[in-house]
Amino acid sequence: WVHDDTDDPDLQSTEIAWSSGVWDTSEPPRLVWSAPVWIADDTRAEFDPVLGTNADGDVVAAWLRIKDEDFSATITKPEHLPRFYTRMEVVTAVFDTDAQSWDPLAQITDDESMDTDLKLASDASGRLMLTWLSNPDGEFRSSSESPSTLMYSFWNGSGFSPPEVLAGGLEGVSSHASAISGDSAVVLVPRDPDLLTIGDEIIELFEWDGDDWIVQTPWPPDTAGNRAPTVVYDDTGEGHVVWLRGNDLVRATLSDPVPTVLRAGSASLAFLGAQLINNPGGNITLTWQETVDNQPADIFAMIYDPNTDTWSEDRRLTDKADLDHPDSLVHQASATYDSDSLLHAAYVITEIIRTDEIVEIPDDQGVLQEWEMTNIPVEGQTNLMVMTHELIVDLAVEDQDLEVEPIPDVPGDRLT
């Protein structure tokens, strides 16, 4: 995760921190985490870490890093920010799970464009694909004057291949979604051609067939008003996509792109950051953060059962009612399943404290008057949280699950 090193200047202060968890089998079982450590304690600002696991079981991480060891360009206006953004490069490192240490950093890019929206897709076999957007002018949302390029790199067993262009000349783009399964991979790019036109958003699909990228635009065919996709492959190799279409949350598969409504009336900002993940049992889970009960957002999930082709009701994973500050804001959540189908989620929770304050406001004659403002929300302490959920429970009953008292008679027992 990103940690602020307050000993460094503002434009050099962010570091990538890490902690490794091991199971404590006492009752109740729980993960015990090591003390946080920075991967590289230096003056290069770092952002947006992403993780995957390779075929050796080691963790592969990638993140964005300012290339300058001592960045000191003058930034006093918003228009100066591209001076900082265009210094961002993609770097990677491998965490040896046996040695509990990081290998030396490797730099993936070295150019004058801003790299952003970094994604690392992985599958159960250890296949990895790194994708990101590149913009020469430091624009987070591309335009006809400053189009973005979609880049990709595959893991070759010991490192990432040299980056290649997946698609160029992208206008109205600020994000993408990706997934990989064996020799198959997919990237979905939501694009808004005109911000002033409502309902013209489209999704462009790029599908890797093992040798080349096949492009389909728009996806689904002949439709618009589509945005915020998330994608994952199931254990059969079928790609599942969930996205916003109009006011509804819809779903489809890569082989059958006809959308069906998953959750009607779900056009809130909550689903702009929704995440699809899968588990070893073949179930797919959609997670998101949503505001309910007039309180800041909690984390929710829906589970898809491929055997019955059905989705569960919403499952609430966090409940801030038990916290000292129930107004706390949950954000930046990320979830994954382990080999035992336990869901692990990491998220940030920021305390929201209500306070009163005296402010001065000019009256009609320009004379400052004191006013008391009450119940003002102020950010308090921010904590990084980790939780584990057994979302999927096997209801099958086996012989060892049954206990009968008294023990029944068997043939040959004496009854009197």
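Predicted model: local features only at pLDDT ≥ 70, side-chain atom pairs only at ≥ 80, totals over all residues.
S3 covers residues 21-24 and S4 covers residues 30-33. The two strands pair in the antiparallel sense, and four bridges join them. Five residues sit between the two strands, and S3 and S4 form a hairpin.

Next come the charged contacts. Side chains of opposite charge can pair when their charged atoms come close. Across the whole structure, a search finds 14 salt bridges. Three of these can be followed in turn.

Take Glu89 and Lys67. Their closest N and O atoms are 2.8 Å apart, and the two residues form a salt bridge. Glu89 lies in strand S8 (residues 88-96), while Lys67 lies in the loop between strand S7 (59-66) and helix H1 (82-85), so the pair ties together parts that are 22 residues apart in sequence. Are these two residues buried or exposed? Glu89 is buried, and Lys67 is buried as well. The pair also belongs to something wider. Lys67, Asp68, Arg87, Glu89, Asp110 and Glu112 are linked in a network of salt bridges.

The second pair is Glu204 and Arg191. Here the closest N and O atoms of the salt bridge are 3.1 Å apart. Glu204 sits in strand S17 (residues 202-208) and Arg191 in strand S16, so this contact ties together parts that are 13 residues apart in sequence. Glu204 counts as buried because its relative accessible area is 9%, and the cut-off for buried is under 20%.

Arg251 is buried, with a relative accessible area of 13%. Asp309 counts as partly exposed, at 45% relative accessibility.

Now turn to the surface. Asp183, Glu207, Asp209, Asp211 and Asp212 form a negative surface patch. One of its members, Asp183, is in the loop between strand S15 (177-181) and strand S16 (184-191). Why does Asp183 count as exposed? Its relative accessible area is 56%, and exposed means over 50%.

Ile361, Trp371 and Met373 make a nonpolar surface patch of about 300 Å². Met373 belongs to strand S30, residues 368-389. Met373 counts as partly exposed because its relative accessibility is 38%.

End in the segment after S30, where Asp409 is found. Asp409 is exposed, with a relative accessible area of 57%. How far is Asp409 from Glu79? Their C-alpha atoms are separated by 86 Å. Along the chain, Asp409 and Glu79 are 330 residues apart.

Methods. Residues numbered from 1 in each chain as written. Heavy atoms only, no water. Patch = residues over 30% accessible without salt bridge, like charges linked within 9 Å, V, L, I, M, F, W, Y side chains within 5 Å. Areas by Shrake-Rupley, 256 points an atom, 1.4 Å probe, with all protein chains shown as cover. Salt bridge = Lys/Arg side-chain N within 4 Å of Asp/Glu carboxyl O. Lys, Arg positive; Asp, Glu negative; His and termini not counted. Charge placed at Lys NZ, Arg CZ, Asp CG, Glu CD. Buried < 20%, exposed > 50% of the residue type's maximum accessible area, 1.4 Å probe, protein only. Pairing = 2+ DSSP bridges.
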